[in-house]
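Let's take a walk through this model, beginning with the whole chain and then settling on one strand and its partners.

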Amino acid sequence: MHRYNQLLELYRSKDELRQWLCKPFNFNGNTCASNASAIVILPFIGTHPDMSEKISPIYPTERNTAVKFSLNSLKWAYDKSPMIEAPCDCTGKCNYCNGIGEVPYEHLYEGSYVFTDGDCPQCDGLGRIDLDVKPDENGEIPDMLALVEIEGYYIPITRIYELIRTCEILECDTINLVHTGNNLLFSLGNVEIVVAHSTSESSPYCKIESEVK
Ligand SMILES: [Zn+2]
């Protein structure tokens, strides 16, 4: 059960503007969590609100492929991801406002420029940014929006990160891709993950090869 709770925490939305996604929900007799781009589906039912009406149209009912990917190939793609400057240091302190949460805004008042403090636009006034992946010694993090190609579909590296964590939590070395189409469906034992692929025109920076069947 502890592993399942870790998965629910990994996949639930942290965006408070999408309240219903911040907590687990039920779908067709399963407990799920979703960040709007991926859904983890666990093989038990809890006392959660039922969202079957919302999830049913997204959930692939057919299994049209059977391809395996190794955890190592996911990690290889993740390790190759382009790096970008992190918005915070390794303790989470916002780089833009130096952890203060406020920055001076310059504006015109009765003919002269004045400065007033306002919420930092990068951390929304919190002074902190909690990243899942902490910045490295160069103050850089993987570009989580960079795209990876998998069976002809493009998905952002943030989804690869989630799949790596899912394998690690469930102690699995391989993950199965069982459906491709409007969404991708991965399975690990009796846990399933629906993943939205990108419709962006950008090119992927690498391609993950499936294991030889
Ligand atoms: Zn800030």
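Of the chain's 213 residues, 25% count as buried, where buried means that 20 or more other C-beta atoms lie within 10 Å of the residue's own, exposed means 12 or fewer, and partly exposed is in between, with C-beta atoms placed from the backbone. Bear in mind that this is a predicted model: local features need pLDDT of at least 70, side-chain atom pairs count only at pLDDT 80 or more, and totals for chains, interfaces and linings use all residues. Residue numbers start from 1 along each chain as its sequence is written.

The C-alpha atoms fill a box of roughly 70 × 40 × 35 Å along the principal axes. Inside it you'll find four helices and 14 strands, which are DSSP runs (H or I, at least four residues, for helices; E, at least two, for strands) numbered from the N terminus.

Now zoom in on strand S2, residues 30-34. Five of its five residues are buried, so S2 is largely enclosed by the rest of the structure. Asn30, Cys32 and Ser34 point one way, while Thr31 and Ala33 point the other.

Who are the partners of S2? Strands pair if DSSP finds at least two bridges between them. S1 (residues 25-27) runs antiparallel to S2, joined by three bridges, with Phe25 opposite Cys32. Two residues lie between these strands in their hairpin, where Asn28 has a positive phi near 50°. S3 (residues 38-42) is also antiparallel to S2, over four bridges, and Val40 is the bridge partner of Ala33. This hairpin has three residues between its strands, and Ala36 takes a positive phi near 85°.
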